[in-house]
Amino acid sequence: MTEGPAETTPPDGPVGPVTAVQDSGLTAGRDVHQSGQYVAGRDLSVVLPQRTTVRALSQLPPAVQLVGRAAELAALTGPQPTGDATRIAVVRDGAGVGKSALAIGAAHRMTEHYPDVHLYLKLGGENLRTLSTAAALQHLLWSLGVSESDIPDDLERRVALYRSTIARMRAVIVLDDAESAQQVAPLIPASQAYVFITSRRQTVGLQGAHVVDLNRLSEDAALELLQREIGAERCAAEPSAALDVVRACGCLPLAVQLASSALNSPSGKRRSLTTFARRLAEEGRRHGAFDTEVRAGFALSYRALSPTAARVFRSQGLVAATSLSVPCVAALAGLGEDDVEDAHDELLDAYLAEPSGPEGDRFHLHDLLRRFAREQARDEDGEQECARAMARLRAWALALATDNIQALHSPDTAEADRARRQLDAEGTVLVTVVEQSTPQSGGAADAVALALCLEPWFEAGSHYEAWRRAYESALNHAVASGDEACAVRLLLGLGDRSRLLRDHTGAEHRLADALQRAQNLGQPPLVGQAHFQSGMLLRERGRYNEAISHLSLAVDALTGKDSHALAQSHNNLGHTLRRLKRYEEAAVHLRQAAAIAARLGDRTVTGWATANLLATLRAQNRLSEAQACYGPGLAAFEAVGHRLGQAWMHCHLGAVRAQQQEWPQAVDLFTLAVDQFTALDDAYGLSAAYGGLAEAHRAQGDLGQAATLFARAADRAEQAGDVHRRALATLCRLTTLQGLGGAATPDQVSTAESAAQAALTALDEPRRRAVLRNPRWSLD
């Protein structure tokens, strides 16, 4: 699929693509040819040759129906300026984005305002050499009816003749695929014209021109284009696959059209969109015209790069992440950061990269560009150099992670915040490095070390999906290499992640596997950590006596040397004892946990131990002491960016305010907790915060709002698998509706009674009796 006119041969030999003139109205019996490129010059006095009058000249290629370009088209075809000054528009972006289609479409819309001459000039492009200045002017003059014998050899006089000739005409001119402003400047008439210039270089711009930096289509627009090409019904039958197709096409109009052509072929019609999308996304698979035409556009820009910029571009293709920082690319390419910065600018100018990140200082390659860059790396650099580049990247990633994880626990909050921001910015790349490492590349050990190093960041930032991806990849490496100790640590991490996501079955499976492997190894620290995490899971499932057994074994195995696992074991043992109302014992373990964590500089465990101590003191009605825990606990969580911990601190203080009957303050704190739990999509936390908020509204007499919030608490508790809170919330909702009297409908009350009965049935007898004895909301 190519844009533009068919090719013919002008009198002086082949110089590039040529557009046939339709209904030119020029001298009878003479063919008129057109092609393109430029020269700089100044206006000179010339004698215009005798010639017939040009009645109409229309060389514009057919316009196509544009999708997702309404704003850009409106900007290019807006109200006409007053006066005769030439109007100039420059449309810029990379290959396949639709520059030519937009310019040609806008040009067609403007022909009624410029009715005399409509010229199209292809200045370069795929498989074409850039036209010289002389050739560009010669073919423009041919198109305007000037005979070859009347065209001067002198470039400056040729420019003057062109401008003098076209000055008598109201013209629309499309100059397609310009290389530079110097190239097109001499081709612009002085007045009464509208000139559309397209370019794949950001450096092309002219004084007074309206510049449109065209972007790839949005996903919605790309889907609309696909629907138009292959049928809305076909896309509606496989909506997810249709989205995968346009994503694999990089949302480039050309790529979507080529993919549509393949799908509309006899073989393509028999193929599902799901299969086509999968095949399209496969590395190394060729797809006929799709690959040929899309890659040809990329290759034209790539060949114009400096050697350093070309090396930087190729190196980016080796990493499956979509956004890379300058230091990351410097490690990959084996270059200094200043050289990479300069290359970044060159790639942006060539539309072979897009800026990304809050500051626009990162590299982004869409999928098609990344695949093209990867192919160039393999073809030009070879597999050995690609392997060396990935080894440099792993070394950089591990050093960055190690330094920033250490800084995450720095007493200097500014340093800790800087480290967290750095990890947040590079986290996706770090996980991708783990996933792309293979035993064959010699990177398995680095991948395991990198994954384990990142666990504090995964947990503190609730990066659960990144955690799963990294740990599952690293676990495969550890098992394949026979590293049982690392396999245990990775299984423990995966179990902890599943627990935090309330996937108790998945957590139990991972932790049982970890405990068995640790016992087989006979390493007390690993055995202790496995008991600790098993106890934590059992505590959250309400199996408190079993939890205490595991947590006590963990403390016994780990005592003797301060460790994060020992601090966590004391913290969870204290939490479990609080659940059993053994408050004095709980406080002892929680204070031990906080002391060990403080000695280790572990602010995360410090925060959790303080939060649990707050809850323990509140349960003892020691409210002033409980309230005093809030500030230090919140500060510890804020220092490491632990959003889940911050939400629980607000929730616990809200419960203190409720016991003090300071209801407005309780509402504020529970509302803040709801917002934070919602942002984390934490159903367990939301059930607690909604219940506390509902109880505060009920205490203030707002029974309608309280009933609504209790319903939300019950829904979230059911989602989290917390049968106790679900039963308590449904019963609280029922008693609240009953308190509304006639304001609650019989259907509402009947539905609430059925829900409460079902929820109570799921409880064991002791907990059922406890809920029925005191149907008021509590965090305990």
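In this predicted model, D496 touches E455, E459, W467, Q533 and M536, leaving aside residues up to four places away in sequence. D496 sits in helix 22 and is buried, with a relative accessible area of 6%. The side chain of D496 also has a polar partner, making a contact of 2.7 Å with the side chain of R499.

The side chain of R497 does reach a backbone atom, the oxygen of Y464, at 2.8 Å. Not counting residues up to four places away in sequence, the contacts of R497 are Y464, E465, W467 and R468.

With 18 residues, helix 21 reaches 26 Å from its first C-alpha to its last, close to the 26 Å expected at 1.5 Å a residue. Its buried residues are Y464, A466, W467, A470, Y471, S473, A474, L475, H477 and A478. An α-helix has 3.6 residues a turn, so residues three or four places apart point the same way. The buried residues of helix 21 pack against helix 18, helix 19 (444-453), helix 20 (455-460), helix 22, helix 23 and helix 30 (643-659). Just after helix 21, G482 takes a positive phi of about 75°.

Attention now turns to charge pairing. Side chains of opposite charge can pair when their charged atoms come close. The count of salt bridges comes to 36. One of them joins the side chains of R314 and E380, at 3.2 Å from N to O. R314 lies in helix 13 (residues 307-316) and E380 in helix 16 (residues 367-380), so this pair ties together parts that are 66 residues apart in sequence. The two partners can also be described by their accessibility: R314 is buried, with a relative accessible area of 10%, whereas E380 counts as partly exposed at 44%.

Another salt bridge is formed by R469 and E435, whose closest N and O atoms are 2.7 Å apart. This pair links distant parts of the chain, with R469 in helix 21 (residues 464-481) and E435 in helix 18 (residues 413-436), 34 residues apart. R469 is partly exposed, with a relative accessible area of 24%, and E435 is partly exposed too, at 33%.

D513 is partly exposed, with a relative accessible area of 27%, and R517 is partly exposed, with a value of 21%. Salt bridges that share partners also join E465, R468, E472 and R510 into one network.

A331 lies in helix 14 (residues 326-333) and counts as buried, with 13% relative accessibility. How far apart are A331 and W396 in sequence and in space? They are 65 residues apart in sequence and 6.5 Å apart in space, C-alpha to C-alpha. W396 is also one of the residues that A331 touches, together with A389 and R392, when residues up to four places away in sequence are not counted.

These local views can be set beside the chain as a whole. The secondary structure comes to 36 helices and nine strands. Of the 780 residues of the chain, 55% count as buried. Among contacts between residues at least 6 apart in sequence, 68% join residues at least 24 apart. The chain exposes about 32,300 Å², and carbon and sulfur atoms supply 49% of that area.

Definitions and conventions
Residues are numbered from 1 along each chain as its sequence is written. This is a predicted model: local features need pLDDT of at least 70, side-chain atom pairs count only at pLDDT 80 or more; totals for chains, interfaces and linings use all residues. Side-chain values use heavy atoms; hydrogens and water are left out. A polar contact is a pair of N or O atoms within 3.5 Å; within protein, one must be able to donate a hydrogen and the other to accept it, and residues adjacent in sequence count only if both atoms are side-chain atoms. Contact means heavy atoms within 4.5 Å. Helices (H or I, at least four residues) and strands (E, at least two) are DSSP runs, numbered from the N terminus. Buried means under 20% relative accessible area, exposed over 50%, partly exposed in between (1.4 Å probe, protein chains only). A salt bridge is a side-chain nitrogen of Lys or Arg within 4 Å of a carboxyl oxygen of Asp or Glu. Accessible areas come from the Shrake-Rupley method with a 1.4 Å probe; for residues, only the protein chains shown count as cover. The expected span of a helix is 1.5 Å times one less than its number of residues.
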